[in-house]
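Let's take a walk through this fold together, with the model open beside the text. Keep a viewer handy and follow along as we go.

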Amino acid sequence: MINDIVLETEALSKHWGGIKAVDEVSLQFRDRLLHGVVGPNGAGKSTLLNMLCGTLKPTSGCVFHKGQRIDALKPWKFVQRGIGRSFQKTNIYPEMTCLENCAISAQRRFGGNFNLFVSRHSNKLVRKAAEQALAQVGLEDRTHAIAAEISYGEQRQLEIAMVLAIDPCILLLDEPMAGMGHDESLRIIELLKELKKTYCIVLVEHDMDAIFELSDQLTVLDNGRHLITSSVDEVRADPRVKDAYLGAEDEEEQTA
Ligand SMILES: Nc1ncnc2c1ncn2[C@@H]1O[C@H](COP(=O)(O)OP(=O)(O)OP(=O)(O)O)[C@@H](O)[C@H]1O
């Protein structure tokens with residue numbers, strides 16, 4: 001049987017003093033599937049993504065990429081392995097063009113420093129990767145537009161393009177639909193449906209309709225703990241999931 005697990009965690013934990021942000025979470029992420037991760041505020045979703053992309057080192061536990069342990073590696077090694085991550089808050093360089101934003105990402109994959117025009121050869125590779133990434137998200141007609149001047153929805157598309165520009169095999173996406181209107185979200189949903197045919201995608205998202213529509217596997221975290229990983233239908237039917245969300249709502253009502 002082909003082993004299609006590309007990323008795996010084993011008893012992964014991150015503790016901040018007494019706070020168990022992620023607590024002994026073991027998960028398997030498969031190629032060409034979209035794996036949704038949900039949970040109430042503070043459940044540990046972003047902390048998990050930060051450990052999957054190497055920017056945060058675990059307190060204990062392991063991360064494996066294609067069977068090799070990687071959690072102690074430097075973040076740029078994760079990038080070189082094709083593990084790309086987008087952020088909850090827009091993370092673009094607003095004064096640069098869309099092409100330049102993607103070129104900066106591509107440069108991270110091809111190595112070297114931020115001098116984009118170091119050699120004609122690397123310049124060509126970087127430019128090609130940047131153009132390709134813009135085309136993948138449907139922003140080819142914004143290639144030379146200044147990032148600050150495109151719409152908010154397009155900026156979030158640009159962010160996904162910046163991840164694609166590193167030529168990844170795994171996309172870790174942190175709330176790519178945050179702050180979007182209905183039509184903009186639909187565009188991202190269609191884009192992710194296309195991308196999951198090619199990549200392993202780990203998607204953290206609060207938009208439940210979107211996550212239910214997109215997820216092949218869905219994990220629920222609650223207070224740092226793994227609650228369930230299963231199909232969308234099974235997760236939706238699980239009473240523990242309802243409890244986790246309703247419990248969170250009750251607490252919010254009490255503190256309001
Ligand atoms: N740098 C930090 N120092 C201390 N505590 C932290 C730090 N980062 C996160 N936490 C705590 O860890 C817990 C998990 O936070 P995290 O941001 O991962 O949750 P989340 O599920 O992504 O939440 P949200 O849906 O609100 O983005 C929270 O209690 C948070 O306050």
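A word on ground rules before we start. This is a predicted model, so to speak of local features we need pLDDT of at least 70, side-chain atom pairs count only at pLDDT 80 or more, and totals for chains, interfaces and linings use all residues. Residue numbers start from 1 along each chain, following the sequence as written.

Start with the overall picture. The chain's secondary structure comes to 9 helices and 10 strands; here helices (H or I, at least four residues) and strands (E, at least two) are DSSP runs, numbered from the N terminus. Of the 256 residues in the chain, 40% are buried. Buried means that 20 or more other C-beta atoms lie within 10 Å of a residue's own, exposed means 12 or fewer, and partly exposed is in between, with C-beta atoms placed from the backbone. Among contacts between residues at least 6 apart in sequence, 67% join residues at least 24 apart. A contact here is a pair of residues whose C-beta atoms, placed from the backbone, lie within 7 Å.

Now the domains. The chain splits into domain 1 (1–82 + 172–256) and domain 2 (91–168), with bounds that come from an automatic or database domain assignment. Where they touch, domain 1 supplies 12 residues and domain 2 supplies 11 residues. On the domain 1 side, helix 2 (75–80) and helix 6 (182–195) are the elements that give two or more residues, and helix 6 has the largest share with 4 residues. That side of domain 1 divides into 7 nonpolar, 3 polar and 2 charged residues. For this count, Ala, Val, Leu, Ile, Met, Phe, Trp, Tyr, Cys and Pro are nonpolar, Asp, Glu, Lys and Arg are charged, and the others, Gly among them, are polar.

Let's stay with helix 6. Helix 6 has 14 residues and reaches 20 Å from first C-alpha to last, close to the 20 Å expected at 1.5 Å a residue; the expected span is 1.5 Å times one less than the number of residues. Which residues of helix 6 are buried? They include Ser-185, Ile-188 and Leu-192. Looking down the axis of helix 6, the buried residues fall within an arc of 60°, so they line one face of the helix. That arc is taken over the directions from the helix axis to the C-beta atoms. As background, an α-helix has 3.6 residues a turn, so residues three or four places apart point the same way. On the other side of helix 6, Asp-183, Glu-190 and Lys-193 are exposed. The cover over the buried residues of helix 6 includes strand 3 (34–38), helix 5 (152–164), strand 8 (200–204) and helix 7 (208–214).

Strand 7 pairs with strand 8 in the parallel sense over 5 bridges, pairing being called when DSSP finds at least two bridges between two strands. Strand 6 (residues 83–85) also runs parallel to strand 7, joined by 3 bridges. Ile-170 is a handy landmark: Ile-170 is the bridge partner of Ile-83 and stands opposite Cys-200 in strand 8.

Elsewhere, an open sheet of 4 strands has the order 2-1-4-5 with antiparallel pairing. Its edge strands are strand 2 (19–30) and strand 5 (68–69), each of which pairs on one side only. Inside, strand 1 (residues 5–16) and strand 4 (residues 60–65) share 5 bridges, with Glu-10 opposite Cys-62 and Glu-8 partnered by Phe-64. Phe-64 also has Arg-69 of strand 5 as a bridge partner. The hairpin of strand 4 and strand 5 has 2 residues between the strands, and there Lys-66 takes a positive phi near 45°.

Ile-146 has 15 C-beta neighbours inside 10 Å, so Ile-146 counts as partly exposed, whereas Ala-148, with 11, counts as exposed. Leaving aside neighbours within four places in sequence, Ile-146 is in contact with Glu-95 and Thr-97, and Ala-148 touches Pro-94 and Glu-95.

Terms used: Two residues are in contact if their C-beta atoms, placed from the backbone, lie within 7 Å.
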